[in-house]
Amino acid sequence: MTDAIKRLIHTAQHPEEADLIIQNGMIVDVFSLETFLADVAIKDGCIIGIGTYPQGKKVLDASGKYVMPGFIDGHIHIESTMVTPSEFSRALIKHGVTTVVTDPHEIANVAGTTGIDYMLEDASHTGIDILMKLPSCVPATPFEQNGATLTADDLHPYLSHEKVIGLAEVMDYPSVLNADDGMLAKIEMTIDAGLTVDGHAAGLSDTALNVYSTAGIRNDHEAVTAEEAKARVRRGIHVLVREGSAAKDLLAILPAIHERNSSRFSFCTDDKHLDELAEEGTVNYAARLAMEHGLNPLIAIQMATINNAACHGLQDKGAVAPGYQADLLIVENIETLQPETIIKNGRIVDINNVKSERALVPESVKSSINIKKVTKEALQIPLEDGQKAMVIGVVPGRIITNKIVADVKTKGGFFVPDVERDQLKIVVCERHHASGSIGAGIVNGLGLKRGAIASTVAHDSHNLVVAGTNDEDILAAIEAVEDMHGGLAIVEGGRVLASVPLRVGGIMSEKPYEEVIQELHHLHEQLALVAEESQNIFMILSFLCLPVIPSLKLTDKGLFDVDSFRHIEVGIPE
């Protein structure tokens, strides 16, 4: 390390020996929110100077263009893109996202430390920096069954890994509020290692936020209004402004952001489907959207670069300045943010020839679907004629749900799906241990008109979730997903219309991302034939099983009221 630093110090004084000189570019200064004309000198993947440098080993002319930091995504679950880290990297680098902070709790909930080890290995030779926060809540709650349990002792050895930078979103907030020893051990060991702890403060009161911050949790991506964002900033909690496929919070939070507090905000994605990610990118898209709605372009870039670096304690990323990693973009227009040249670790990226080495997927991770035979009787929801029911209400563009009390259709003492009212049956089947545990409920707002859809992508425990208009297609959809060892399926009249196999833990594909996009496009084409698809129904379906997001969700153990943190009956007593 000393020799490497000496070499950089030497070159900073003799920039003609630099590996690359970028000349005549307008530097985007994310510290002072201004631009200025200068050259950039790079050595060994590091920026070693800003000034006037007429020569170097290689010279790149950026006249009339802007030189800015590579984008940093402050929080994303790679598994939600349904491809492995190596393929995720290939899809994202072309948008100028050079670093992501990821939480592998999806694969960890399926395969425990085996899943974490696989993600670290597959991410180790990619074209972008994939930095990991250790999953804090596996399982997310005790109110559902998952595939593994991770304690502080299980996680502690990873704190010394060069790609591990902290503890990921603490979703089990009751354990924090109740000072649970197991949760506090995870938080304390992370802070003691000099790393950061991420929050997940969905729907928390001001008092609960006080407790979160007191516990050492320093950021959160669950603010959904400007007032919630302000409440977090006032308590020293950095706000990660989320703009993904299901949760789109940016425009609601935007009024809270101004030049005096912008350093306390950054962009993140959380979850985004592959086809959207490959077309739009992640935080680059969020920055552009914010600009379109009035945010100062320099603040938007700051939120997509240095603010994320500061939030996660990354001292050498996110800026065009000496001593910072040479992850740079050259763009013609800072309002469109389309990179003409991408530089990663001081080297120009050929986006048409991006290759990543793939890690071998452990056999146990590819054999994760273990479902006990599901019968029609197991799907039934007892309801008397005229009895009101608790219904999960989908909120468009949000991962929260409404708690609806509604009249529903019944026959012979059981609920019957009603397409006219958009009241469908939703079922969650435990799929890790073949326990036969099944939860059934009613959902409004999916817009499915015929057939059934099923998925083994069901946050966070990733049991099998299926929604449908009739029991026969629900059973056929369960069988279709089981037969392909996990994935997504659309069934109508007992026939599979489209499917996307996800053999890696039932949540990721082994195929190149281009092939997976083709499969997803076919899936959505077929979905349009059986549903009013004004939103990403499969993404919405996957979050209907997440019992840490208000207000009403479904687990394999039944209908779950997040507000009271307990399971409840579907039928309301007379």
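The buried residues of helix H15 are Asp471, Asp473, Ile474, Ala476, Ala477, Ile478, Ala480 and Val481; buried here means under 20% relative accessible area, exposed over 50% and partly exposed in between, with a 1.4 Å probe and protein chains only. This is a predicted model, in which local features need pLDDT of at least 70 and side-chain atom pairs count only at pLDDT 80 or more, while totals for chains, interfaces and linings use all residues. Residues are numbered from 1 along each chain as its sequence is written, and side-chain values use heavy atoms, with hydrogens and water left out.

H15 covers residues 471-483, and its 13 residues reach 18 Å from first C-alpha to last, close to the 18 Å expected at 1.5 Å a residue. That expected span is 1.5 Å times one less than the number of residues. Helices (H or I, at least four residues) and strands (E, at least two) are DSSP runs, numbered from the N terminus. At the N-terminal end, Asn470 caps H15, with a side-chain oxygen 3.3 Å from the backbone nitrogen of Glu472. Just after H15, His485 has a positive phi of about 60°.

What do the buried residues of H15 pack against? Their partners are strands S21 (423-429), S23 (452-455), S24 (464-468), S25 (487-492) and S26 (495-501), where contact means heavy atoms within 4.5 Å.

Now to the sheet. Eight strands form an open sheet with mixed pairing, in the order S18-S17-S22-S21-S24-S23-S25-S26; two strands pair if DSSP finds at least two bridges between them. Strand S18 (401-406) and S26 stand at the edges with a single partner strand each, so one side of each is left without a neighbour in the sheet. Strand S17 (residues 389-394) runs antiparallel to S18, and six bridges join them. In this pair, Ala389 stands opposite Ala406 of S18.

Finally, the cysteines. A disulfide is a covalent bond between the sulfur atoms of two cysteines. Counting a disulfide as a pair of cysteine sulfur atoms within 2.5 Å, a search of the whole structure finds zero.

| Cysteine | Nearest cysteine sulfur | Distance |
|---|---|---|
| Cys268 | Cys311 | 9.2 Å |
| Cys429 | Cys545 | 10 Å |

Are these two buried or exposed? Cys268 is buried, with a relative accessible area of 1%, and Cys429 counts as buried at 1% relative accessibility.

Key. Polar contact = N/O pair within 3.5 Å; in protein donor to acceptor, adjacent residues only side chain to side chain.
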